[in-house]
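Hello,

Here is the structure we talked about. Please look it over, then read the notes on charged side chains below.

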Amino acid sequence: MQAIRVACGVWHTAAVVVEASGTSSSNDSGKLFTWGDGDKGRLGHGDNVSRLVPECVSSLADKDFSRVACGNNFTAALTALGRVYTVGSVVSGQQNGKMPVCVKGSITDSFVEDISCGSHHIAVLTAKSEVYTWGKGSNGQLGHGDYEERTSPTLVNFLKDKQVKSVACGSNFTAVICLHKWISSADNSVCSGCRNPFGFIRKRHNCYNCGLVFCKACSARKSIKASLAPSLNKPYRVCDDCFAKLQKAIDSSKLASVKSEKEARLPGNNVSRLSSAESFKSDRHSSDNNNNRVFALQNGSSSNVQRPSTSSKSPTSPFGSSQGSISFYLPEVSRLPSPVIGRTTPRRSTTPSPSLSFRTSEANADDIKICGDNSLSLEVKSLRAQVEKLTSKNQLLEAELENKTEQLKEMNARAVDEAEKSKAAKEVIKSLTAQLKEMAEGFSEDATNNEQTANDANNRPSNGSSVTSVTSPKSESSSDNSTTIPLCNGTKAQAQKSEKILQDEPGVYITLVSLPDGVNELRRVRFSRKRFTEDQAEKWWAENGTRVCERHNVRTAQ
């Protein structure tokens, strides 16, 4: 026989044993053997009898087991086919099962690969990397987010999307091993705090305490002593909930340290120790004195016992700080008859015996009160200093706020002035534009009148050879600067005649007026200054004037 698996509880042991063969073939399954204390049926033999030597569980003799685990009062075993059998009491108060039973429920259709037991709980790992736990949950060891007990296997939802490879249980806790890889897209696609989706602008940040994914707004704070931080002395990014928890833990530890320091500074601790020692001594002395002070009283004789008196502080006392000392005097005893016939006891001295002084080591209430007042005064001073510091800081902030407010007012006033100036400039530009438009209209009227006067005064019988530069409103407005040759054929220009401008050649523009008889009257010829000078214009007209008149049916003087 060869044991391949073994597990121990508090008072019992379980093992998976295979038959040793001559060949070296590896066998990972065997029979279940148990021994030890059989209370609550934890051994699985159908009784509560203890076994000193390993004994095969007969009810499971036809099953092959690959793993076994033990709790305080139960045993759990995993078969080679992925079934879980338990025996005993998993949860306190549960009815004891003396015979092994197969665990059903949520893991009925699952193949269990690993099993582990704590003191009062069980954790199993399935082939789908799912973790199921049940049993006692008073310390949160089941991982369901509460402290409730579970009597049947329950899925741990937090580990549902994790690649769990192994599970192990302690007495009141559970640990799992997961693959080191990114968590599922269902977890890291949105922020765990605000639930907003991540994108190009909203980046992912991990919390160094809980390990979840948060956006920058939900994990902007940093704290020391984070559970996943590489260094505990350096602050790392954590989420808001973890920051509050860590800050609360830090504050509580600081408060505890301050309280311990205050208690160490108070003299009451040493006084209490002295008080206990002295009280023990005084009790011992008083018991001895009481045993020695046994006197027989006869004939109605009585002893005068002085009441205990409180004396002042003894200079020879080893505890100079103790205050009220109580002195006891031996009573004055008269002559008493001897128990032996014929003999009398010697008369004791009537002088009082030396007093037995016992110092009480209880601390004076006034001293404790003074120490407490001193500590309170120190705290009040520190609080006052903090208040003064905050007040000065507040004053500085208020002064800065006033300066910023004044600057804002100045900027607003400047903006208003600039707006008014801009408005005034727009009005000036508008008025100037109107004036320029009026001037242009007046100038065009004057130019028309001057042109008509010039045409009436310069009537010629033929094509004139002289060239006169007259600017018309048409040429004024055009961007092409030109030279105009006014021509007249001896007829009067009428205002009702329609004019038309034709381009004879590039740079040559002819103005014609249609007459009622179907012929045209040549009003003027304009030459572009970009193509012709004044001499070139006169030369061109002298050469091409007749041709132009013939082409455009211009009436000439007879």
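**Salt bridges and a buried glutamate**

Arg51 is buried, at 14% relative accessible area (buried means under 20%, exposed over 50%, partly exposed in between, with a 1.4 Å probe and protein chains only). Its partner in a salt bridge is Asp47, at 2.8 Å from N to O. A salt bridge here is a side-chain nitrogen of Lys or Arg within 4 Å of a carboxyl oxygen of Asp or Glu. Asp47 is partly exposed, at 23%.

Some background. This is a predicted model: local features need pLDDT of at least 70, side-chain atom pairs need 80 or more, and totals for chains, interfaces and linings use all residues. Residues are numbered from 1 along each chain as its sequence is written, and side-chain values use heavy atoms, without hydrogens and water.

The structure holds ten salt bridges. Another one joins Arg67 and Asp114, with the closest N and O atoms 3.9 Å apart. Arg67 sits in strand E5 and Asp114 in strand E9, so the pair ties together parts 47 residues apart in sequence. (Strands are DSSP runs of at least two residues, helices H or I runs of at least four, numbered from the N terminus.)

Asp504, Glu505, Arg547 and Arg551 form a salt-bridge network. Within it, Glu505 and Arg547 come to 3.5 Å between closest N and O atoms.

What about Glu130: buried or exposed? Glu130 is buried, yet has no salt bridge. Lys128, the nearest side chain of opposite charge, is 5.7 Å away (Lys and Arg count as positive, Asp and Glu as negative; His and chain ends are not counted).

Best wishes
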